[in-house]
Amino acid sequence: MEEKILTGKKNGMVVLLGVILGYVAAVIGVIITVQLRWYAFGFARFLLSALMVFCILYLALGWILLCGLRVLKPQEALVLTLFGKYVGTLKGEGFYCVNPFCTAVNPAAKTKLNQSGDVDSGSKGSFLTIAAGNQAAQVDMSSGKRISLKIMTLNNSRQKINDCLGNPIEIGIAVMWRVTDTAKAVFNVDNYKEYLSLQCDAALRNIVRIYPYDVAPNVDTTGDGVADEGSLRGSSEVVAQRIRDEIQSKVSDAGLEILEARITYLAYAPEIAAVMLQRQQASAIIDARKMIVDGAVGMVEMALERLNENQVVTLDEERKAAMVSNLLVVLCGNHDAQPVVNSGSLY
């Protein structure tokens, strides 16, 4: 299905004024023909009777022309069909007049997703009331079937998914999208909003199961057969881009464009969050201890070298060992050192 843009239809105001003037002329025509008909004979009377019938028919059926009036705001579109056949799409702001028997089609009109900028277009729209004599007609100027061409953000709900290591995590994404082909969006899928939501869920699961939550050894996230340091927490930009590409490949046939995808929430599932926190704390403690020991050994080496260079004191191996032990206890201990003054000798 290819989109056809209808052009040259921005004559709604001309048609509206013409219909109103036609009603005025029809009312005047009925009054005049009724009065002149009593004084006319023969063929003239027949013409007056025909004109009166025409004016009455116009007063009864002229409102049908108003059904073809359409008003569109900026970044809105209207897909029109005539007796089931796609005739074209109105795009851009303006006051349009189309075939009054055309109907607008938008299967997703009453579908409201958890997203910004998406309103329930199935609600009551604005109506134009035309009154002429005893006749009154209400024309739906919005039709409730308009398709928004604006950029919208789908806030996908949090999902519980297992990463590549089997750890359950909770993740949520926000997807920025818009409609680019109204014909595909309306006719290629049943409901393009629900279709987009389902494809976002499927793409999120397909990509998340490739990555670990945090960096893990012997894990290949790129598919090249070489272990790398990719992770959901550390490579969020790369993961988001892959999710965006995965969604785009699925919704292209629906006339949708995915502009961007972002991870909005990422955490371990509650049932393993406490255990994973303990593991992270243990890893942090080990790394901190390692750094402390490396620094303490360097400081002891520097102290011994400075003592030997300046010849402050001459230490044998046993006294060096005692000094190293004391310094390491002081530098690596969790508590402040309690000094002990030795007034005697080591021997």
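Me: Helices here are DSSP runs of H or I with at least four residues, numbered from the N terminus. In this predicted model, where does Val251 lie?

Reply: Val251 lies in helix H5, which covers residues 236-251. The protein chain has seven helices and 13 strands.

Me: How do you know whether Val251 is buried or exposed?

Reply: Buried means under 20% relative accessible area. Val251 has 0% relative accessibility, so Val251 counts as buried.

Me: What does Val251 touch, not counting residues up to four places away in sequence?

Reply: Val251 touches Tyr195, Leu196, Gln199, Leu256 and Ile258. Contact means heavy atoms within 4.5 Å. Gln199 is 52 residues from Val251 in sequence, while their C-alpha atoms are 7.5 Å apart in space.

Me: Is Gln248 buried or exposed, and what makes it count that way?

Reply: Gln248 also lies in helix H5. Its relative accessible area is 15%, so Gln248 is buried, given that the cut-off is under 20%. Leaving out residues up to four places away in sequence, Gln248 touches Leu256, Glu257 and Ile258.

Me: Is the crossing of H4 and H5 left-handed or right-handed, and which residues make the contact?

Reply: H4 passes H5 in a right-handed crossing. On the H4 side the contact is made by Tyr195, Leu196, Gln199, Cys200, Ala203, Leu204, Asn206 and Ile207. On the H5 side it is made by Val239, Arg242, Ile243, Glu246, Ile247, Lys250 and Val251. By class, the contact has ten nonpolar, two polar and three charged residues.

Me: How many disulfides does a search of the whole structure find, and what would count as one?

Reply: The search finds zero. A disulfide is a pair of cysteine sulfur atoms within 2.5 Å. As for accessibility, Cys102 is buried at 7% relative accessible area, and Cys200 is buried at 0%.

Me: What is Val87 in contact with, and how do you know whether it is buried, exposed or partly exposed?

Reply: Val87 is in strand S3. Its relative accessibility is 26%, so Val87 counts as partly exposed, a term for values between the 20% and 50% cut-offs. Val87 touches Lys4, Leu6, Leu80, Thr81, Leu82 and Cys102, residues up to four places away in sequence not being counted. Ile5 is 82 residues from Val87 in sequence, and their C-alpha atoms are 9.1 Å apart in space.

Me: What makes Phe83 buried, exposed or partly exposed?

Reply: Exposed means over 50% relative accessible area. Phe83 has 73% relative accessibility, so Phe83 counts as exposed. Phe83 is in the loop between S2 and strand S3 (85-91), and its phi is positive too, near 55 degrees.

Me: Where does Asn191 lie, and how do you know whether it is buried or exposed?

Reply: Asn191 lies in the loop between helix H3 (182-187) and H4. Its relative accessible area is 9%, so Asn191 is buried. Leaving aside neighbours within four places in sequence, Asn191 is in contact with Pro107, Ala108 and Thr111. Over the protein chain, buried residues make up 35% of the 347 residues.

Conventions:
Residues are numbered from 1 along each chain as its sequence is written. This is a predicted model: local features need pLDDT of at least 70, side-chain atom pairs count only at pLDDT 80 or more; totals for chains, interfaces and linings use all residues. Side-chain values use heavy atoms; hydrogens and water are left out. Axes are lines fitted to C-alpha atoms, for helices over the stretch in contact, and angles run from 0 to 180 degrees between N-to-C directions. Helices (H or I, at least four residues) and strands (E, at least two) are DSSP runs, numbered from the N terminus. A crossing is left-handed if the near helix is turned anticlockwise from the far one by less than a right angle, and right-handed if clockwise. Ala, Val, Leu, Ile, Met, Phe, Trp, Tyr, Cys and Pro count as nonpolar, Asp, Glu, Lys and Arg as charged, and the others, Gly among them, as polar. Buried means under 20% relative accessible area, exposed over 50%, partly exposed in between (1.4 Å probe, protein chains only).
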